[in-house]
Amino acid sequence: MRAIGGVFLVLVLFSHACHGFYLPGSYMHTYSTHERIIAKVNSLTSIETELPFSYYSLPYCKPPGGIKKSAENLGELLMGDQIDNSPYRFQMNVNESVYLCTTHPLSENEVKLLKQRTRDLYQVNMILDNLPVMRFANQNGVKIQWTGFPVGYTPPNGNDDYIINHLKFTILVHEYEGSGVEIIGTGEEGMGVISESNNKKPPGYEIVGFEVVPCSVKYDPNAMTKLKIYDKAPSVSCPSELEKSQIIREQERISFTYDVEFVKSDIRWPSRWDAYLKMEGARVHWFSILNSLMVIFFLAGIVFVIFLRTVRRDLTRYEELDKEAQAQMNEELSGWKLVVGDVFREPDCPKLLCVMVGDGVQITGMAVVTIVFAALGFMSPASRGMLLTGMIILYLFLGIAAGYVAVRLWRMIKGTTEGWRSVSWSAAGFFPGIVFVILTALNFVLWGSKSTGAIPISLYFELLSLWFCISVPLTLMGGFLGTRAEAIQYPVRTNQIPREIPARKYPSWLLVLGAGTLPFGTLFIELFFILSSLWLGRFYYVFGFLLVVLLLLVIVCAEVSVVLTYMHLCVEDWRWWWKAFFASGSVALYVFLYSINYLVFDLQSLSGPVSAFLYIGYSMIMATAIMLSTGTIGFLMSFYFVHYLFSSVKID
């Protein structure tokens, strides 16, 4: 996709003019002719199982110096990435055909594993100069690009499987003149800004593309074993006949080779990720988002205008009366004015409400800051795991906000600071505890499958240490600050005896659940692209759109919750606290149901109960976070509205 927009339509439209504006990864590397370049391999992945496995879990050639793992950040480890060195090495601007190795006769277990990985559509993910390898395929006359290449393939209506053992690489390079022009920025693609430098760099070549054509070629193992690793191999073309392809069966010896060709390209280094970030149907995506924005703004505007006129009329009529008329009117009160003595009565489960609101503030703050930084280009797909790492770090440090809000709300409801430590500890452990329980259950499944997606025990202890050493102390500090902050005073007194709530024709929870449809309407289009990114291996980089949707979601959640709170008060239902929270928080239910719909109709290739269990588990974590965030937005706005409404009217 192109560069990132900013806030609402002006900055979103600005994104069309900013091509290649992102700051991820590492500095540009310039290679000289004949300089050696080493490719790396990531975990094997499949959209059918969603279980990543190590590249060397299959009988592939190993590098001469042994397998060495690359340094990985927290996000990469949690996503199941396992980046290792590989035997594939190239020399800049040297086209060659290279022999790697010939395996020992395949055992029964190796054949079974290769066949299973082939039929589960596992992809080999290779990386060169931080660029994923890309292949192209024609489907129904349409050219489609993919990252990675398959382990093997099974012909239609065939029972045999064939392994990919010959790779034809094309490396696109851009000649760098060394004229003193440099890229300004802190990341993989700089900022797309070019300026003159006093220190001229030597001329060389930049890698701007990495493509592959995978083939299956049957070699004579007796002839190939006479060769040594990196010897020149006979040049071959991809065979179309199955008889000339390498079958997977017991006692077969498989030889691995590759060709590499360097091609000069006009693509500049700051724009080399554009090929990966282009989205099919971008025009449809653009107009769908704009249409959704206009419809939601229109609906929210109507609701908000009607609501303002209604409340303003009530307040204006009341304030224009003299004292005697007000006294008479007090005896004939109706609607929301009748619950003046109960509207601030302590809700059910006040501690749980305080904890959920505190955690919601923490999650909302994390989401807003992360998406803003991503929209500005600081978290590109080139920086693997950076997005998740940034989210975790932000969540840890925003514990101070969770503790502050939870304790201050607790102090307001109870009228005392007693018990604030318990509230702070609960706020520190509520959402992380839910995530920990779900991830532990999923991890047992991943461990049983021997997947690289399983979180190592050492990482578990690291995460617990981060939580206990950073998040918990900051949450307690925030709670302490909440006890020292100015207490929020209710504008009216609460009666000792609660008022009876009139019977309703229909249960109020139906209205609360139905309210979530409007916020969901702002979210579901982007939700489709996010789920496709997570489960179909596509790059998601339209954070400008996501930022607009997030801002719109905040507005709609606030308005929906306020309107529902007002409707409940008008029918003399003073139990608005939890209803205000779930009026907007109920959008999480629709998000979860949409995730199930996506699993059934869009992830039809997903196979096995293990994969479905993983999908549902991660969807539950996402839905819980959305519920806490949107519920908190609605609750805080409703509280501000109720406080303002009843402080504007003097009723004895």
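Glu175 comes out as partly exposed, at 34% relative accessibility, on a scale where buried means under 20% relative accessible area, exposed over 50%, and partly exposed anything in between (1.4 Å probe, protein chains only). This is a predicted model, so local features need pLDDT of at least 70 and side-chain atom pairs count only at pLDDT 80 or more, while totals for chains, interfaces and linings use all residues. Residues are numbered from 1 along each chain as its sequence is written, and side-chain values use heavy atoms, with hydrogens and water left out.

The side chain of Glu175 meets that of Lys264 in a salt bridge, at 3.4 Å from N to O; the term covers a side-chain nitrogen of Lys or Arg within 4 Å of a carboxyl oxygen of Asp or Glu. The pair ties together distant parts of the chain, with Lys264 in strand 16 (residues 255-264) and Glu175 in strand 12 (residues 166-176), 89 residues apart. Strands here are DSSP runs of E of at least two residues, helices are runs of H or I of at least four, and both are numbered from the N terminus. Lys264 itself counts as exposed, at 56%.

The structure holds nine salt bridges. Another of them joins Asp161 and Lys115, at 2.9 Å from N to O. This one also links distant parts of the chain: Asp161 sits in the loop between strand 10 (152-153) and strand 11 (162-163), and Lys115 in helix 3 (residues 108-119), 46 residues apart. Asp161 is buried, at 0% relative accessibility, whereas Lys115 is partly exposed at 23%. Together with Arg119, these two residues are linked in a salt-bridge network. Glu252 pairs with Arg249, with 3.0 Å between the closest N and O atoms; Glu252 is buried at 12%, and Arg249 partly exposed at 43%.

Then there is helix 11 (residues 420-448). Just after the helix, Lys450 takes a positive phi of about 55°. Phe436, found in helix 11, is partly exposed at 37%.
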